[in-house]
Amino acid sequence: MPYSKKLTTLACAVGLALGAAAAQAADPVLEVTGTLDATNLSDTYTFNIDTPGPYLATLIDIALFVPFTALGLGVTQTGGATMGSITSPGSFTFTATAADSFTAVVGGIVPSGAALPIGTYGVTVTLVPEPETSAMMLVGMGLVGWQLRRK
């Protein structure tokens with residue numbers, strides 16, 4: 001096999017491996033969509049974190065039926081301290097120092113005068129990728145692009 005063909009094959013394999021490693025880091029540990037109404041003012045979710053590190057918790061008001069008057073999210077370590085909270089749609093970061101189970105509580109107030117007083121929300125908790133992960137992905141894409149340009 002000619003040297004340039006071997007280099008092309010190697011660059012493509014390395015690029016794909018680095019890109020796949022970067023893509024795997026973004027799997028959420030919690031991803032839910034729920035509804036709250038006048039009788040159900042909060043939902044509780046339990047999830048496990050296996051990898052210590054920084055995590056991003058995101059709360060969105062989907063406003064499928066009506067937007068919430070107030071909406072909040074709190075994350076606590078089971079039997080431990082509060083990791084973080086937010087009182088309106090948005091996000092916050094927290095650091096999990098050990099593998100453990102966590103609880104996310106979503107609470108909200110739906111407007112009482114609405115024709116259908118149901119509010120819909122979404123919650124996602126995912127590991128914040130380290131800068132090295134992004135660098136690996138960029139290097140992999142650069143190697144593939146370099147080989148494509150050479151052809």
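Which residue in S7 does Gln77 stand opposite? The legends below take this up in a predicted model, in which local features need pLDDT of at least 70 and side-chain atom pairs count only at pLDDT 80 or more, while totals for chains, interfaces and linings use all residues. Residues are numbered from 1 along each chain as its sequence is written, and side-chain values use heavy atoms, with hydrogens and water left out.

**View 1. Strand S4 beside strand S7.** Strands here are DSSP runs of E with at least two residues, numbered from the N terminus, and two of them pair if DSSP finds at least two bridges between them. S4 (residues 70-77) and S7 (residues 100-109) pair in the antiparallel sense over 8 bridges, and Gln77 stands opposite Phe102 in S7.

**View 2. The hairpin of S4 and S5.** S4 also pairs in the antiparallel sense with S5 (residues 82-86), over 4 bridges, and Gly74 stands opposite Ser85 in S5. The two strands form a hairpin with 4 residues between them, and in the turn Gly79 has a positive phi of about 70 degrees.

**View 3. Ala63 in its loop.** Ala63, found in the loop between S3 (53-61) and S4, has a positive phi of about 55 degrees although it is not a glycine. Ala63 counts as partly exposed because its relative accessibility is 33%, and that class lies between buried, under 20% relative accessible area, and exposed, over 50% (1.4 Å probe, protein chains only).

**View 4. Contacts of Leu73.** Not counting residues up to four places away in sequence, Leu73 touches residues including Ala57, Leu59, Ile86, Phe92, Val106 and Val123, where contact means heavy atoms within 4.5 Å.
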